Every structure is written in C-alpha cells, then in structure tokens.
Protein chains: 6
Amino acid sequence: MKPTPTSPPELTPLLVFGAHPDDIEFGCGAVVVQETRLGRASHLVVCSRGEAGSHGTPAQRVVEAEKAAAFLGASVQFVELDGDAHLEVRAIHALKLALLVRRVKPGLVLAPSLAENQHPDHWRLGRLVRDAVRLARYGSVPELREEAPHTVGQLLFYAVTPEAEPRDLASLLIDVSAPEIITAWTAAMEAHASQTSARNYVELQLARARLNGLRAGVSHAIALFANDPPVLDSLAPLSRGARRF
Amino acid sequence: MKPTPTSPPELTPLLVFGAHPDDIEFGCGAVVVQETRLGRASHLVVCSRGEAGSHGTPAQRVVEAEKAAAFLGASVQFVELDGDAHLEVRAIHALKLALLVRRVKPGLVLAPSLAENQHPDHWRLGRLVRDAVRLARYGSVPELREEAPHTVGQLLFYAVTPEAEPRDLASLLIDVSAPEIITAWTAAMEAHASQTSARNYVELQLARARLNGLRAGVSHAIALFANDPPVLDSLAPLSRGARRF
Amino acid sequence: MKPTPTSPPELTPLLVFGAHPDDIEFGCGAVVVQETRLGRASHLVVCSRGEAGSHGTPAQRVVEAEKAAAFLGASVQFVELDGDAHLEVRAIHALKLALLVRRVKPGLVLAPSLAENQHPDHWRLGRLVRDAVRLARYGSVPELREEAPHTVGQLLFYAVTPEAEPRDLASLLIDVSAPEIITAWTAAMEAHASQTSARNYVELQLARARLNGLRAGVSHAIALFANDPPVLDSLAPLSRGARRF
Amino acid sequence: MKPTPTSPPELTPLLVFGAHPDDIEFGCGAVVVQETRLGRASHLVVCSRGEAGSHGTPAQRVVEAEKAAAFLGASVQFVELDGDAHLEVRAIHALKLALLVRRVKPGLVLAPSLAENQHPDHWRLGRLVRDAVRLARYGSVPELREEAPHTVGQLLFYAVTPEAEPRDLASLLIDVSAPEIITAWTAAMEAHASQTSARNYVELQLARARLNGLRAGVSHAIALFANDPPVLDSLAPLSRGARRF
Amino acid sequence: MKPTPTSPPELTPLLVFGAHPDDIEFGCGAVVVQETRLGRASHLVVCSRGEAGSHGTPAQRVVEAEKAAAFLGASVQFVELDGDAHLEVRAIHALKLALLVRRVKPGLVLAPSLAENQHPDHWRLGRLVRDAVRLARYGSVPELREEAPHTVGQLLFYAVTPEAEPRDLASLLIDVSAPEIITAWTAAMEAHASQTSARNYVELQLARARLNGLRAGVSHAIALFANDPPVLDSLAPLSRGARRF
Amino acid sequence: MKPTPTSPPELTPLLVFGAHPDDIEFGCGAVVVQETRLGRASHLVVCSRGEAGSHGTPAQRVVEAEKAAAFLGASVQFVELDGDAHLEVRAIHALKLALLVRRVKPGLVLAPSLAENQHPDHWRLGRLVRDAVRLARYGSVPELREEAPHTVGQLLFYAVTPEAEPRDLASLLIDVSAPEIITAWTAAMEAHASQTSARNYVELQLARARLNGLRAGVSHAIALFANDPPVLDSLAPLSRGARRF
C-alpha cells in the first residue's frame, strides 16, 4: 500500500460553518483571520439570519456578517435550513451542506462543537457538518451528483461559549498573539453591533483567548477540537505544549 | 506580554524513557528512528535491566538494548531506580530524572503512558517522568542545583500495549510509513531476541501500527498522546486526520 | 457590571415535566411534595396519556395522574406532542414547551434525565425541555410572541429508573426524610394503581430513596442533577455531604 | 432511623489546606475572605515554605503568607511534611493532617484538587486531605488518640490553575462579586510579592474569576468541586444556575 | 418475588441488524457464523441496498449480501427505511423494527454501535434498534398489535470500524479462533466483491480480530459491547480475561 | 498460534482479598457463598485486624471474620501489611500478595474496587492486588522464587459501598437470588456483630443487592467489575441483561 502523497496542503481552502450571523466571529474569528493573512482562502457559511434573536433585524444581521467577514478577509454566504431556533438534524440538510463541501473543496472545515448544553442550533449544525463532511466522500448519493466527491483533510470544532467546549476531545491551542490578528478579530466581532451593544460578548471572547494565552505562555490563543486523530509526518509540530503554570 | 519566540524547534533533542530494556523499541521505536533520521538527536533512558522478566539475563538485556538503540540511531543509558517489578513513585526518583532532563535539555520527552492496567513499572515511570519534567523548571530544588532549570516543550506518552492506550487523552498519529523506517524499527525490536523468541511482541506491534495506518490511509502509524494541549502557529499541521473508513 | 439581584427566589414556581402520567411521581414525587409543603407553587406537565403502555387505559391514566397530583399538592396539565412511544425531538415541540415555560414563569424546572438507555420518550422529553428553557429567553421567536421572554433559574434532571441516572453530571441529594413527605409521596405513587399492580415500581423507588438516605446519613433522599453549575452566595448550603460510609 | 439534626451549620469553622505559601490565595482566596466576612472562622494550613520555588526565600514566603492571611481575615499555620517539591502520599502525613482536622473541628474543608497534571505537591496534598478527613472519623487510630473523632460536613476542592480543574466532578460557582471581596482578595494575592513580580498570577486568577462571573451573569465567581454529593433540605439553594450565554 | 426461570437460553434466535449490505459481515460476521454452527438460528436484517456507495449497484449489493449470508449460515432480509445515507431517527422506523423483533422473537440482538463519529446510518440504526428492542415489550402500541410483546434477553453492539468502538461501554471479547470460523467469515466478507475490490476492508477486519486475539492469548477475537449489564448465574463464565501482555 | 485450551475452568480456586475483617462479607459475600456451594474452593485473605475502627477489638474482629468465613464455606487467613488505616502502595506488599497468589493458584481473584473516594485502605489494596496478579506471572522476581509462576484467569472488583462502584468499568450482575444464599450471606454479615450493632451495614448491603435484583428482574444481584475484557467462547453467557425497567 502506498502512503498518501504529502504535498504541502497549506493552501487548500478553509470552509467555516456558523449557525447564526455572529457565531463564527465570536467562536473562531481570530483563527480565520490568521489563516486568511497566511494566504489561505476562507469561506464562511451562515445557516440563519438570526431572526429569532433578541436584538437586530435579519437585514441588519446580514449586513453585520458581511462587514465582519470583510475584516476577516473571508467570503461569506447564507444558506437556508430550518431558520434560527428551529434547526433540526435532517438528512436533507446534511446533504445540502455536503454539496457545498464538494463545491468549495476545502482541506479544513470548522464547525460549532457538538456539546449539547448550548444553543440548540449550534450543536445540531455541528452534527450536520460532521455528517456532510462524510457524505461528501460517497460516490453515488443522488443529491450530490452535480459535484465530484471530495475528501476533507480534517474537521475541527470551535466553541462559541465556555459551555460548548467538548469534554471528551482534547483541545488544540492556536496561537493568535500577533497584535494585528487581535485587532482584526476584535473589529470583526464589533461589526455585530446589534449584539455587542446588548451583551458583553467581546469581553467574554477576549477573556477566553487571554486565559488560553496565559496557559500557553503567549498573548492569546484559541482552543479547537479535532474530530479525527491528527496525522503528522514527524514530532516537529508538537514542540510546544501549554504548560506555563 | 511578549509571545514566546517561535524559532524552529525541530532540532532540540528528544529524550525517551523506558521502564525495561525493550519498552521504548516496542512502544515507539518507529517514531524514534524517524526522528533520528530527520536529524534530531535522540537519547534513551532505561530504568531497569529487566531482571524480573521470565526470559533473558540482565547482562543479555543490556546488550540487546544497546544493539536496538544503534538500529534506532539513538544513544542509550541505564538509570537505577528501584529495580524491575519494584518501582515506586518516590520524590527522589522524580528528582533523579529531573536532573537528567536538565542535562539533556530536550525539546520533546517521550514516556510510557499513565494508564494503570499495565505492568506497574510502566505507568509509575510515566508519572515520575511527568513530575520530573515539571520539577526541572523550578529554580531552587536542592537536588537539581548542579544544572540550570530547563523547560521541556512537550511531554508525549506512548503505549507499550493496547491496554496502555489512555482513554482520556486524544491520540495523535505519527505516520511512519517509509519502508526504511519500518525496517529499522523491526530490526530494533528483534534485537531483543530474548523476548521476541518467547512471545510474538513484534507481530503485536506491527499489527497495531498497521491498524493505525489503515485508519489514517497510510501504511503504518504510531499513536502518541500529548500531556498538554499542543500549541500551534496555524492550522497547517492539522491538514490530515485519520478518517479513512 | 452589576451582579444579579439576589432577592429570595424560593417562592418562584416549580415546573415539572413528565413523559408519561406516572413518571414525575416515580422519579421525583418526594421532591415535589416537599416543595409544595414549603409553599412553592408546583405545576406538572404530562406529555402523553400512557396510551402505549401494557396496563391501564388513557382515561384511567389521566384520572390516576390527577389524583396523584393532588397528593403532591400540585396542579397538572396534559400536553399533546407525538403520543406515547412516538416522541421525536422536533423544534415545534421545544417551542410548544417554551411557550408553557413563558406562561408559568418558573424559577426551577424539573425534567427527565438525558441518559439514553431508558424509555425513548424520557430522554427525548429531557432534551426538548432543555431546549425549551433556552428558547424561552430569546426575544424574537415567532411562535413565542404571545408571552414575554422568561429566564429560568435552574434546570434539574430526575431519573425515573437507576439506568437513567446520568454518569456525566454530579448528583445533588435532596433530603426528603420527613415521614409525612414519604407518606404523601407513596400515596401519589400508589395512585397510579394500573401500573403499581403490575410491577413493583413503588418498592423500586423507595429502595432507591432509602439507599441514597443511607449514604447521606438520613432516612430518605432523592438524587437530582443540575444542567448548569449551581451559583451560590456562600459556602453555607454546602455544609452537608453524603459520606456516611 | 432518625434524620441527622439540621441545626444551622453556617458557623462551623472553615479549614483550608495549601501545599505552598500562595496556593490558597491564588486558588480560593476570594471564597475564604467572603466566608470570614460572613463571620465564619477560617484557618489556613500551609504545608511547605515554598523553598524549591524559583523566587523568594522561605523566610520571605512565610512573611508573605502571614500578610496575605491577614487580608483574608484568617489565621494561618505551617505544617512540615516532606518539603516543597518532595511531597509523597504517606499514611503518616494523612494522620498528621487528620489530627489537625480533629483539633480545628471544621464543618467545611478546602483542599487543592486531585487533577494530576499540575504541580505534584498540589494533587498529593489533595489526596492526603481527603484521606485525613476520613481518618478523622475513625475511633481507634493510635496517632489520633489525643483528640476526639470529628466528622467534617463537606470536603471541597479548589483549582490553583485552569489545568487543575477536575473533569470528573461538576463545578459549583461561588459568587464573589462584591467589590470589597475582590479588593481584599487582590490584596492577599499581591501580598505574595516574590511570586507576583515574576509571573502574572494575579491576572490569571482574576481572568478565571471574571470568566466564571460572565458565565453566571455576575461580576466574579470561583469554581469549587464537592468531593461528596451535596445534601440539601430543599430546592431553594439551587435557584441560580450559570447559563448566561 | 420469584426469580426468572433460567432454562438454557442458548437456542433462542439471534437477530442481527446492519445499515448497509456488508456491515454485518465486516463488523461481526465471525460471531454470527460461530453461533449458527453452534445451532443457533440467525437472521440478518439489512436496512438499505447500499445505493449511495461509491462502488456496486443496489442489485449487485443484494446478491452479494445473500451470498454472504449463506456463508454465515444465516437467513437475510431487506427492510426499507429512508435509504442509504439518508437514515433519520424516526419513531416510525423504531416501530417497524420493533415489529420485526416481535416476529423473530430473538433472545439476542446485534446492532451497530452508537458511537457517532462513523457513517451516520450506522449509529442511527443502532439507536433505532435500541428503541425497537424496548418498544417490542410494551403492550398497547398500535403499530405493533399484530404480534405479541416480546422481551429480548440482551442487546449487543458491534463496531464496523475501529472508530465505532464505544469508549463508554466495556468490551466483551468473543473467541472466534477456530480455523473454520475464520475461513467462513473471510468468505462472507469477500462475497462483497464490489467493496473489497475497492478498499482493503478484509485486511482491516482480520487485523482487528487478530489484535484482539493477541490480547486474549488466542488466535482471533471480536469485541462486542453490551447495552445492559450482563446477568450471570455464577462466576464460571468470567474465568478468562484478556491480559496476555 | 494455538488457542488456549478451554477445559472447564469452574473448579479453579477463588481467592478473595479484603482490607478489613468485614469488607469481603459486606462487599461480595453473597457471591463467595454461592461459589462455594457450587463446589469452588474459596480462600479469603484479610489484610488487617480492623484495629483502627471505632468498634470492636482486633481479637474480636478476627473471631468474627473466622465465624463469617465459616458461613461462607471459605477458608480465611490474615496477612500483615501496614495495619488498618495505614496501608500504603508499596512494591513489597504487592510482592507479598503475589506470592500468595502463586500458592493458592486461583482461576479467579476478587479485590476491593479502585475508586478512590472510599476508605483509603480499600482502593490501595485493590491496586496492590492488581499488581500482585500481574507480578505472579513474571519468571524471575527474587521474592517470588519459592513458588512457580501462575496466571490468573480474571481479576474482578467488588464495591464495599455505593461510592466504591467504579464509573469507568461496566458492571456485571451476579444473580444470588436463591433464598439459601441470601440467608447464608446475611448470617456471614451479622457475624461481624461489633460492626453491625453500630451501623446499619446489613440493611445497606441488602438494599443494594435488592435494587440490582429489581433491575435484573430477579430477587437479588451483586455487581462486580472485570479488570480485563471477559473472553467468551460464544454468546450463550450473554443471554440475560438487566433491563427490567
């Protein structure tokens, strides 16, 4: 059996899913902007217009998301599933997202975590994406025929809130300490003005990233969680662990 | 706060601990030989002469371990703790190993896993190494004064047997598929002739590596387990996940 | 940021959900009756008429549930979802229950646990209630417009059977040792005569409560499980732990 | 069987154990000062003089600890076990601490958590305290004869660092939002000037408490972890859960 | 209360569910053939025709499954649910399978495991079967009226891939070392020629069984996972444990 | 590789370890007496004389243990380790127990569980026994030379109290419903009159066994926990699962 060719995969696109217009920015915006600045094409898919939220109209939310995506250097699109606060885990949704995976052909996919004690749309979207990534590989699914099968390299989960951090998956910390990354990320979060004016979401996310940074001995870091065991060519990428205290 | 400088850490030494003369080869020999061939200095520390085992004399075991280390391209030394099948978790042992860590100044340390349903020397050594890596950082420990404090980048665990794979830590798969790596690893395992003639250890380890390889879509892979969350500069090292089936 | 006002919350209503007419009584009836006797208004919501069960007609079951609620000092209502043994996790159900939460405005909600190896209606209702409690807070959900948003203080789970006790949540033991509580609880359970004549449910529940009582050094106790970390003003409520043996 | 009498236990003493002179202040100082201000006598027991640390002499550390205890309103004493960075889990140590428990007769005990991936003295002390609390109850232990048996109401664990938070015990959040509590706690932490001048420990702890506060919808909160299921007289203490986001 | 009669239950039928035409053979074919050779009637239920797979037509897949079943000595039938890659967890499906359980009256049922990071049809079918086994017992479910209630003795899960092995259930190893069992199992797997010509599934399964055999000190073994605690009449069946290394 | 011969192992001796004179009777006495009545030789090893307990003198405790063993039909011996409430995990103790294992040559060993929130002697003895069972196999341990190596078939854990039931191992329920078994077990427990007159231990254990019996649909059952995956020749022993409710 021949090993999989290991040509540099860094330039494969990044595909990021969010349930509401601000989830991606709050949950992993710093990682996205860092990747786009490293030259990776990043595409955001938002699966509602936040129409059930306490603040902001759907039209405002779309404008805010587009502004935020610009700060992140990413493209963004909206996909209609069941609507905000109404999402269900249906095969038809997973297939819709799988078709999108086939179109974008990402090497890496980011989705909200599967921890269930959070907004029900978050973890349900995480499940749908996990299924979509798998279905995108299968050859004869009728709904996916218009695009060729595609195998994603890795599916990573982000946690929109502390409660959403999965207990059963080990965290990976992405160092996002460069000041320009934090600046752009903060701008992207604050672009969701209808939300940040009502609750201190920005403080929450910066505090989380700073705490992870303190653990890692850097300025700020974002925790991600791999769906499958990472496969590495050597020990080199493992040279830093978070053990400052 | 300034971020930790991120100069290439690949060339820092690798320090590997084993409780018995053959544990390192059986548990992670393929990873060690791959690292030495990539240019990383690797040093093996064996903490008994296997004097309680059913097969082989201590003198034979030492000769076998030295022969095996040569196949791996690593140096090897023996350290006296409590003796084979007699190891206890004592502060004095952790300090002895911590002094060794300060001398070798490794970037990466490998130790047997902490899962307790295996040979009692294995997990006890794993605990001692975890403590040693931490104590090596502290400035005023009297027993460590002769060497300067040293901070290890990451502590990784290997599993000598399937039962030793920790359930509570996510696995990282190291791709060791190059035929010359498998050849050198096999030679290192077979150097422990007193053991391999009595039980099919080599078959066990190759079957484990092959099964991990099948999962990852490569020829062979070794599972390791990080003690602390890996800290990464970007998503690039995460481009491959084990999701072949 | 101003702390949440901590005016005494003991008098907020208690809202309890059950999948079948007897689940509440068997799972947490002793807690409900104790609360009603302490002056807390308690309202029971039963989500089927037990029409798939082996014993008792739907009409009988409704009568039994009303009789049992009277023993507990609680009001009771029936809500139609998918019917006994047919419950599915649908957004429309969660919204229906969320509307009910908005109407009752409880400080505390009790629901069947999420452990999946029990009657499928039990854990599915638990999930629906968890979602409902969250959705009740959101401001613009169309189905909820007729009632004002409401924030529940805490969601607690009860376990109808030993298998339903969640392994991943720590238990809280409610001391229900007063003889009049046990008497009223037993009467409420026995009100479900169509069930208790067929199987020894009452013995099962009293044995569970007695075993928890023995652990806590009291007569009887009921285990509950908090969905979210309890927030306390001081250590005073933590003065008793179950460590009798 | 008669239920345990439930006379108000709030005024029983609080006994807090720390492995190093600053562990209590960093890990749970806000809780201690809040209790002393509520009138509970609090006694701190420190089990080394920090003599292995990178900064500060033992004499300085003792002075700092005494100054910090004064800010907390607590008494403090030093107990000799094996010395900093040398602690082992020995029966003789547990018995020494058990004798102390019998002398102080606390209703509540606080100890460092049992999570093993932290300073080895921390979790070893946690284990010793857990054993000590149990041994204090037994009637014929020769080393404990000079004091009468004593039963502690509850043993709670605190986490000195994020890594020390136990994954297998549910957290309880203690609201410490009153500005005077935060002020006194900060003063107690900064009393350890030899440590805080070297690393940003104070920022770390305030960030952790703020993040827990954000989750709970208050200013600041400290997470504690109960060794045994809390036993409660009613649902009243459970009226607030951390579910702000 | 009288104990359940313990007349020899070995001859009750075995009912095995698979989501795709080859899942049963790959996941637990060796166990099935061993049971049929011991005289137990075995019936396979396949819940799709593999119509979404990358290789093989539905017609081919059915022929392959029938050929494989013959090698296992089992009967086989196809049941229509939502179709390959489209399965959803619906009450109507669980009821359909429950009716089948009532018809076959098995003592033992085998189903794909509930671990969610595998083909979405696998774990969803596992959940449906778990619910079906429970619903088959209830007396008044309208959809099940045409058959009498039936209580299954035990529900066991098999894992089609290594990732599907549940972490939260202890494994039971079934010794399938007899050469004729391995031969028949291999023939049944190879009967799925459309699949085995595309990927090395047979090597994967034989490597898994060999690794479990090495652990148990036998030639080959298959891991199964019990949904409920096994109830045993004595310690006799527990005389062998997997502790070879 | 030839499979292990599977001649009937039922008649191999049973070796049971207890930390205090009454632990075996309270934790698994019903299982022991059932085995002796089935013809299996059972030998009890008690590792202290209960000299630290609140009730009973060491001399009384020995007499009680001998009387209890007679009710169980088992022989009993006392082994000196560190004394009651003083047990430590030392290599020398594991070796002492390993020598005993070699002498008795049991097929099955029972030991107290490893859950750490119980009497510290209990779980420490559990660990020592687990190590002893392993060391008994190794060929050249000097302290074990006087007896030939012996391989135990399975190590099972029992839980003296509810808190001691391990969360990470699946339970196996042993049906002990025969009235004569319960009678003999009760007599053996009551033989420890110095203990049972002070606390309601007998009620605790009968309530636990009854609750497990209710779950299993029988009169009484005892939960045990296997250290290693059970290896079975077929599915026949798995025909009963505990799923009554």
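Tutor: A polar contact here is a pair of N or O atoms within 3.5 Å; within protein, one atom must be able to donate a hydrogen and the other to accept it, and residues adjacent in sequence count only if both atoms are side-chain atoms. The model is a predicted one. With that rule, the interface of chain B and chain F has 11 residue pairs in polar contact, both residues being at pLDDT 80 or more. On the side of chain B that touches chain F, the residues divide into four nonpolar, seven polar and seven charged.

The contact itself draws 18 residues from chain B and 21 residues from chain F. Together the two chains bury about 1500 Å², and carbon and sulfur atoms account for 42% of that area. Within chain B, the residues that lose the most area to chain F are H86(B), E116(B) and N117(B), which together make up 30% of what that side buries. Three salt bridges are found across this interface. In a salt bridge between R124(B) and D131(F), the side chains come to 2.9 Å, N to O.

In one, E116(C) pairs with R127(E), with the closest N and O atoms 2.9 Å apart. This pair runs between chains: E116(C) sits in the loop between strand 4 (108-112) and helix 4 (120-135) of chain C, while R127(E) belongs to helix 4 (residues 120-135) of chain E. Both E116(C) and R127(E) are buried.

Another salt bridge joins D233(C) to R240(D), where the closest N and O atoms are 2.7 Å apart. Here too the pair crosses between chains, from D233(C) in the segment after strand 8 (231-232) of chain C to R240(D) in the segment after strand 8 (231-232) of chain D. The two partners can be told apart by accessibility. D233(C) has a relative accessible area of 42%, so it is partly exposed. R240(D), at 17% relative accessibility, counts as buried, because buried means under 20%.

A further bridge links R243(F) with D228(E), and its closest N and O atoms are 2.5 Å apart. R243(F) lies in the segment after strand 8 (231-232) of chain F, and D228(E), across in chain E, lies in the loop between strand 7 (221-226) and strand 8 (231-232). R243(F) and D228(E) are both buried. Some salt bridges share partners, and in this way E116(A), R127(A), R130(A), E116(C), R127(C), R130(C), E116(E), R127(E) and R130(E) are joined into one network.

Since 11 of the 14 residues are buried, helix 3 of chain D is largely enclosed by the rest of the structure. Among the buried residues are A91(D), H93(D), L97(D), R102(D) and V104(D). Their cover includes strand 1 (14-18), strand 2 (42-46), strand 3 (75-78) and helix 4 (120-135) of chain D.

Most residues other than glycine have a negative phi. In the loop between strand 3 and helix 3 of chain D lies A85(D), whose phi is positive, near 70°. A85(D) has 4% relative accessibility, so it counts as buried. In chain F, A85(F) likewise has a positive phi, about 70°, although it is not a glycine. A85(F) lies in the loop between strand 3 (75-78) and helix 3 (91-104) of chain F, and at 5% relative accessibility A85(F) counts as buried. Back in chain D, helix 3 is followed by K105(D), with a positive phi near 55°.

P106(D) is in the loop between helix 3 and strand 4 (108-112) of chain D. Its relative accessibility is 1%, so P106(D) counts as buried. Leaving out residues up to four places away in sequence, P106(D) touches P13(D), L15(D), V101(D), H150(D), T151(D) and V152(D).

Methods
Residues numbered from 1 in each chain as written. Chains lettered and ligands numbered in written order. Heavy atoms only, no water. Contact = heavy atoms within 4.5 Å. Buried area = accessible area lost by both parts, 1.4 Å probe. Salt bridge = Lys/Arg side-chain N within 4 Å of Asp/Glu carboxyl O. Nonpolar A, V, L, I, M, F, W, Y, C, P; charged D, E, K, R; others polar. Buried < 20%, exposed > 50% of the residue type's maximum accessible area, 1.4 Å probe, protein only. Helix = DSSP H or I, 4+ residues; strand = E, 2+ residues; numbered from the N terminus.
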